[in-house]
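Let's take a walk through a protein model together. Have the picture open and follow along as we go.

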There are 2 protein chains.
Amino acid sequence: MLRRGIKPFTLHKDWWAVKKNSLKSLFLSPASVAFIGLPRRSGPGSLNPVDNLMRWGYKGRLHLVHPHVREIAGLQTVKSIASVNESVDLAVVSTPRETVPRIIRECAQKGIRAVIVTNQGFVEADSKGGELQKQIVEEARRGDLRVMGPNTLGVSNAFDCFTSSFMPAERNETPVGMICQSGVFFVGAANLLGGMGMGVDLGNACDLGFLEPLEWLGLDPRLKLIALHAEAFTGGARLLEVAGKVSRRLPVVALKTGRSPAGAKAATTHSGSMAGEDRIVDAAMLKTGMIRVDETEDMLDLVRGFVRLPRMLGRRIAVVTLTGAGGIILLDAMDACGATPAAVSADAVKRVQDLSPSWMPIGNPVDIWPALMKHGMQKVCRIALQDALRDLSVDGVICVALALEPPDHDHFSAIGVIQEVSLKFDKPIVVWCYGPRFLETAALLEEHGRAMAISSLERGVRLLARMARYEQWKRVAGQEPECSA
Amino acid sequence: MLRRGIKPFTLHKDWWAVKKNSLKSLFLSPASVAFIGLPRRSGPGSLNPVDNLMRWGYKGRLHLVHPHVREIAGLQTVKSIASVNESVDLAVVSTPRETVPRIIRECAQKGIRAVIVTNQGFVEADSKGGELQKQIVEEARRGDLRVMGPNTLGVSNAFDCFTSSFMPAERNETPVGMICQSGVFFVGAANLLGGMGMGVDLGNACDLGFLEPLEWLGLDPRLKLIALHAEAFTGGARLLEVAGKVSRRLPVVALKTGRSPAGAKAATTHSGSMAGEDRIVDAAMLKTGMIRVDETEDMLDLVRGFVRLPRMLGRRIAVVTLTGAGGIILLDAMDACGATPAAVSADAVKRVQDLSPSWMPIGNPVDIWPALMKHGMQKVCRIALQDALRDLSVDGVICVALALEPPDHDHFSAIGVIQEVSLKFDKPIVVWCYGPRFLETAALLEEHGRAMAISSLERGVRLLARMARYEQWKRVAGQEPECSA
């Protein structure tokens, strides 16, 4: 349901070729970058972006611009961007807010097509900051360059060994792209996303908004998924169109904050964002196939799930469990989020039934406890998992495993079995490892195969339900024409 | 609103003295225990309960009853309970289901007043199992003894070094009591509760239900909290009365499963439970001050929170954060669960305001990023935390901290400061540590002081909101007469 008059848009592989070089410099590693304004010190605690670039092995040329200091981090500086004696692809500006419009103008004069403005104190701050941000946009238009920010860490591109961020960061080539409006996702990538190969922090999004980063990351073959954090969506109908197209290619998991009145108000003083009406955001996400999450931990689970697991093609879940109580918790959780207990056939559970006491009816959840007490965990878990995965009524499996201390662990662990079985079926297996060694066992599980460890049963169910909903959206969307304009 | 005719009930300190010794043998370490039926093997993988008792340093006398084997785990066995040559306080029965009624009778003849029946195959299984369970109850009544189970791991009492459980377990004297209907909480105590000092698994609850364990644990001065997992509540109005009384003493956190139709149906084949109508359960919990959680991770957070944190006396939360986006996520989360952003006074944030750029308005969330960039994390975090905690409008604080790799960590860590400040104020501080070293940093934080690390911002808010709701219930309940009968 796009507004009339918007011209159809097609993603094509050489998208960047028809875009300005400005975007190429932002989203690929620039051949030459200038940092204008940066800490005099380097090393621990200095927040000097040059430290990150050196640690990351940046392969381009680096220019440091500082009016007062001759040398930073062992590199000679120049006094102004004009004095740099070669062409520069990207400038990262961290100077007092009053100076930024002027510096943007100087960058334009130098022929720079892309600028990241990191400092705060703009539209999110006061009316003077709002005025300065307006001037930044004007200078950018006049000088034909693109601005990311202000109030941003910029870009982080682990694949191409480039980051503009001044926050200490590890380089980590996970196939996860992140577009956000806060540095928290850059620094917290490990616990919010399980790692981030490519990150774009839009900050106040005065010029560059969600549209182009989403297009770009949607085309990057190194990414399996895009995670998105927005305080406000800009880009209107065009953004919806792009989001719908990108969602057909790869999942876009979105955390849209400022849902509540207090949160929305706070967004104006954080990134200067107008959060917008939440139910409209909801509807837009549904339409475009974006997967909305309410909580940060659900985002983490989805990112990890989409990266690691085979696709969840329907919403029917089989449970293989050594705890009946866990099975009930899972059934409650399915009911709460629209997943369905798979109607596992009597055939599919026949072998587990045969290993179980005669008085025990086996169904879904497949309770393997009495069987494994008699026949051992490895044998029973292998049979139960394989038979469930083979059943046509099953789209994915949640498995409950033990995480005991050694040497008991060796007797009751099904980790090896799960890893092996996970490679034989194109269906997701999510595993809750419980017991005193749950963290170590979860890490061990993910060393091989493609099952995924989850920290709670309920989160496992929500993950599979959302993965299934995405696939369903794709099936429906796949039958529609690509552009509805 | 209790039924007429129920006689008022008062908990008193010597409650156990007026109860039968049967309960004493169950809930304190028995002076003499007999295991009737147990694995021939011992050691890793054998699930031999004697291994646990030896590891735990059980101080009472141990009798092993086995008809065919002369020695188990280095201990001589006897052929029947009748052959034990001294009085026995507690019998733990793990024999084929058909034999259990007869063995109960033999136990009664031996003068045993308490029996734990571990095996499965009773009312949760088939009609024959139901019949056998009925016989167990009849034998118990006739023999004047109490039965826990069947289908249970029994009791686990780390303080008194006794466990009847055959699942490998570490002894862990945390002040957490657990009453449950599944072994999953015994084995999974670490990841479901953060440890368990005392546990009672009711299994099918054929005789002993929630009532007496709740009374007993509610009186145990070693416990700070009771966690409860129920598939069905038995005990009716009397249980409500006891729950209300216990809740006045210490928090009762309850996970009632079988909420959904599928879950309720599964409960009948797990513990033979009739889950009951969920909204009635809800109403009963509200009335009695029990804190209902929907998800296992919320239970973990509440258990850890009540053990570690000062009380949360109201629902007004102040946020001290170095990420504005995190502040917005927190405001959204407060809105979703009935917590309130504290109306922090201008006075309370004056010192942070003075350290911040003039263009930056400081409120709640207290955004300390620009201030700490200039004045250092330790200094700014200390001021912000103290001033927020001192403010009369603040009941508790959520603090966002960094978890970087060393040596950067040393410059940006506020762990020491938070630990120190947490000891000066009787208000809870919940800390989200984000960055690549979040697990290590969280563990470090909890080594000293009484702030608590949390794995997500949203969970931190829910925790404080629920802790506040409990205190509110206590205030209201405190004005009512103790017994409403």
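Which strands of chain B does helix α8(B) lie across? Helix α8(B) lies across β10, β11 (198–201), β12 and β13 (252–256) of chain B, and runs at about 180° to β10(B). Helices here are DSSP runs of H or I with at least four residues, strands are runs of E with at least two, and both are numbered from the N terminus. Angles run from 0 to 180 degrees between N-to-C directions, with axes fitted to C-alpha atoms, for helices over the stretch in contact; contact means heavy atoms within 4.5 Å.

A quick note on ground rules: this is a predicted model, where local features need pLDDT of at least 70, side-chain atom pairs count only at pLDDT 80 or more, and totals for chains, interfaces and linings use all residues. Residues are numbered from 1 along each chain as its sequence is written, chains are lettered from A and ligands numbered from 1 in the order written, and side-chain values use heavy atoms, leaving out hydrogens and water.

Now for the sheet. Seven strands of chain B make an open, mixed sheet, in the order β9-β8-β11-β10-β12-β13-β14. At its edges sit β9 (162–163) and β14 (291–292), each pairing on one side only; pairing takes at least two DSSP bridges. Strands β10(B) and β12(B) run parallel, joined by four bridges, and Gly177(B) has Ile226(B) as its bridge partner in β12(B).

Back to α8(B): its axis comes within 10 Å of that of α9(B), crossing at roughly 15°. That makes the two helices roughly parallel (angles under 35 degrees). Among the residues that meet are Leu214(B) in α8(B) and Val242(B) in α9(B).

Conventions
Angles under 35 degrees count as roughly parallel, over 145 as roughly antiparallel, 65 to 115 as roughly perpendicular and the rest as oblique.
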